[in-house]
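Here are my notes on this model, point by point. Please keep the sequence and the structure open as you read.

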Amino acid sequence: MSIGNSPEDERPFENEHVEADHEEARPSIGRALQQARIAAGLTVDDVSSATRVRMNIVHAIEADDFSACGGDVYARGHIRTLAKAVHLDPAPLLAQYGDEHGGRPAPTPAAPLFEAERIRPERRGPNWTAAMVAAIVAVVGFVGFTMFRGDDGSSEANVAEGSTPGDSASPTTKTKKPADPEPEPSDSAIAAAPQDKVTVRVAAADGRSWIAAKDHNGRMIFDGVLKQGDTKTFQDSSKVHLVLGDAGAIDLFVNGKKIEENFQPGSVERLTYTKGDPEAG
């Protein structure tokens, strides 16, 4: 009979060596994640952007440092998230983590686990794109409104300042106040009008009216409301364009001569006068 250990007694040591070799052959959790990421052609930045796990935590996990995760629950959540991002089955890695760090942790509420995997989104700054779009819309609207007011063809929209919509729709309902007759300009006044210019005088004799006047280049000379009794005089080297919001309330003189037109109350008139007008005064 031999003295010493039997073959059966030596088998446990052999099994321990096999298990040790198996442990050495199996890569660490961080190494496995790193190799899978490189095989997938992804950078740490790519994985961080896809998972919303911060880059410093990704680097730490790939170095098998789980202290930055904030606890086992968060570490497991990060391992699961990173494994899915690099196309690895997270179950073996989670089991390996449990073996190396004392098994599965105690159950935790679902909300913290969800937060661990999802990671709180970073605080968003102001939505500058929406603000810029709103500013552009406002500028375009202002420019369009300005052009709309400056265009003779849209003068009806501005008549509201000189007369109500009801006045335009029903001219007969407007009651004209009696006014003293405007004296005809004297011969001296006619002679005083410059011969080398066109002179237009507008008088709000029977009520208020919106008036717009442009020179021969189309530049706006005046755009506003004349109250009853107010007058305005416009001169240009060759031509004056007028828009009368309530022509029936206006007395008009061109080059010193009164224009005898039967303008109706509430009507909108567009007129143009030159140095030779009026042909008959």
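1. A loop residue to start with. Asn255 sits in the loop between β6 (250-254) and β7 (257-258); helices (H or I, at least four residues) and strands (E, at least two) are DSSP runs, numbered from the N terminus. Its phi is near 50 degrees, a positive value in a residue other than glycine. Asn255 counts as buried because its relative accessible area is 9%. Buried means under 20% relative accessible area, exposed over 50%, and partly exposed in between (1.4 Å probe, protein chains only).

2. Basis of the note. The model is predicted: local features need pLDDT of at least 70, side-chain atom pairs count only at pLDDT 80 or more, and totals for chains, interfaces and linings use all residues. Residues are numbered from 1 along each chain as its sequence is written, and side-chain values use heavy atoms, with hydrogens and water left out.

3. Arg52 is not a glycine, yet has a positive phi of about 65 degrees. The residue belongs to the loop between α3 and α4. With a relative accessible area of 38%, Arg52 is partly exposed.

4. The chain overall. The protein chain holds ten helices and eight strands. It has 281 residues, and 32% of them count as buried. Take the contacts (heavy atoms within 4.5 Å) between residues at least 6 apart in sequence: 66% join residues at least 24 apart. The accessible surface comes to about 17600 Å², and carbon and sulfur atoms account for 54% of that. Areas come from the Shrake-Rupley method with a 1.4 Å probe; for residues, only the protein chains shown count as cover.

5. The largest nonpolar core. A nonpolar core is a set of buried Ala, Val, Leu, Ile, Met, Phe, Trp, Tyr and Cys residues joined through side-chain atoms within 4.5 Å. The largest one has 21 residues; Ile29, Leu33, Ile61, Phe66, Ile79, Leu82 and Leu93 touch the most other members. Two or more residues each come from α2 (29-39), α3 (44-51), α4 (55-62), α5 (72-85) and α6 (90-100). Helix α5 gives the largest share, five residues. Beyond its neighbours within four places in sequence, Ile79 contacts Ile29, Phe66, Leu93, Leu94 and Tyr97. Another core lies apart from this one; its 20 residues include Ala204, Phe222, Ile250 and Tyr273.

6. Helix α6. Its buried residues are Pro90, Leu93, Leu94, Gln96, Tyr97 and Gly98. They pack against α2 and α5. At the start of α6, a side-chain oxygen of Asp89 comes to within 3.2 Å of the backbone nitrogen of Ala91.

7. Leu88 lies between α5 and α6. Its relative accessibility is 29%, so Leu88 counts as partly exposed. What does Leu88 contact, leaving aside neighbours within four places in sequence? The partners are Ala32, Leu33, Ala36, Ala83 and Leu93. Leu88 and Ala36 are 52 residues apart in sequence, but 7.1 Å apart in space, C-alpha to C-alpha.

8. Salt bridges. How many does a search of the whole structure find? Two, where a salt bridge is a side-chain nitrogen of Lys or Arg within 4 Å of a carboxyl oxygen of Asp or Glu. One joins Glu62 to Arg37, with the closest N and O atoms 2.7 Å apart. This pair links distant parts of the chain: Glu62 is in helix α4 and Arg37 in helix α2, 25 residues apart. Both Glu62 and Arg37 are buried. Not counting residues up to four places away in sequence, Glu62 touches Gly30, Arg31, Leu33, Gln34, Arg37 and Val44.

9. The other pair. Asp215 bridges to Arg219, the closest N and O atoms being 3.2 Å apart. Asp215 is buried, at a relative accessible area of 4%. Arg219 is exposed, at 53%.

10. A surface patch. Val139, Phe142, Val143 and Met147 form a nonpolar patch with about 430 Å² of accessible area together. Patches are made of residues with over 30% relative accessible area and no salt bridge: like charges are joined within 9 Å, nonpolar side chains (Val, Leu, Ile, Met, Phe, Trp, Tyr) within 5 Å. Met147 is in helix α8 (residues 128-150). Its relative accessibility is 59%, so Met147 counts as exposed.

Notes
Polar contact = N/O pair within 3.5 Å; in protein donor to acceptor, adjacent residues only side chain to side chain.
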